[in-house]
Each structure stands twice: as C-alpha cells, then as structure tokens.
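The tour moves by selection, one stop at a time.

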Amino acid sequence: MEILTSVYFKKIDCVDFSKSFTKADLESSPVKMVNVWDIHTQQESLCKSSIEEKKKKSKGFPLAVVHNGIIILLDGHHRAAAKIEQGHRQLKIRVFNLDKL
C-alpha cells in the first residue's frame, strides 16, 4: 500500500542536486537533531510495508541537504517515517549544508 509522503513531511518541488555533492559528502556529513515539522521531501509516496520493516530493523541515519534554508530529505524516507510513527518528534539525520558551499 502506498502512502503519500505529505502524511509525514512537507512536499516541495523538485530541485536538481546531482552536481552539487557526492554520496560520500552526504555520508560524511554531521548528524543533527531535526524537528520533524522542519523536514521537506521531493518524494511522492512511501510503501507502508517498508515503514513497518524499518520499525523493526533500521541501520544508519537518513540523509538530507539544506538548500536555501530548507532541510530536504534525500534518502531514508521510510526510516524517518517509521520514527515518526513511533512518536519521535525529533530525528537524527545526516545533514549536508549546501548553503555553506
């Protein structure tokens, strides 16, 4: 079953970040506590069964960028949604700040 990401995050229009950073940049970024209501996404939907799986077993931190002051989740949507469903209002996320480049 598909769930709209807007249930968990604020939806924004797509931005092309492909030439701005590498996966290694994201994975080496600092982990920060982020309020769930400050998280935005470009992704349209999530799979409910994947969220349920992440509640049982989840590795690593979701990855996000800051672009024009907005935190945009790029990877780990299911992990983040699972934490939100478990009642978390702040999430540990690796955040790469494009505004400081």
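What follows is a walk through a lysine, a glutamine and some aromatic rings.

**Before you start**

This is a predicted model: local features need pLDDT of at least 70, side-chain atom pairs count only at pLDDT 80 or more, and totals for chains, interfaces and linings use all residues. Residues are numbered from 1 along each chain as its sequence is written, and side-chain values use heavy atoms, with hydrogens and water left out.

**Stop 1: K55**

Select K55. It sits in helix α2, residues 48–56. Helices (H or I, at least four residues) and strands (E, at least two) are DSSP runs, numbered from the N terminus. K55 is partly exposed, at 28% relative accessible area. The scale: buried is under 20%, exposed over 50%, partly exposed in between (1.4 Å probe, protein chains only).

Now show the side chain of E52. A polar contact of 3.2 Å joins it to the side chain of K55. Such a contact is a pair of N or O atoms within 3.5 Å; within protein, one must be able to donate a hydrogen and the other to accept it, and residues adjacent in sequence count only if both atoms are side-chain atoms.

K55 and A82 are 27 residues apart in sequence, yet their C-alpha atoms are 5.3 Å apart.

**Stop 2: Q42**

Go to the loop between β4 (39–41) and β5 (45–47) and pick Q42. Is Q42 buried or exposed? Buried: its relative accessibility is 16%.

Draw a distance from the Q42 side chain to the backbone nitrogen of V15; it reads 2.3 Å. Beyond four places in sequence, the contacts of Q42 include K11, I12, D13, C14, F17, I72 and L74.

**Stop 3: the aromatic rings**

Rings of Phe, Tyr and Trp (its six-membered ring) pair if their centres lie within 6.5 Å; planes under 30 degrees apart are stacked, over 60 edge-to-face, the rest tilted. The count is two aromatic pairs.

Select Y8 and F9. Their ring centres are 6.1 Å apart and the planes meet at 45°, so this pair is tilted. Y8 is buried at 12%; F9 is buried at 3%.

Next, select F21 and F96. Here the centres are 5.6 Å apart and the planes at 55°, so this pair is tilted. The pair links distant parts of the chain, 75 residues apart: F21 is in the loop between β2 (10–11) and α1 (23–27), F96 in strand β8 (residues 90–97). F21 is buried at 15%, and F96 is buried at 14%.

Technical notes:
Contact means heavy atoms within 4.5 Å.
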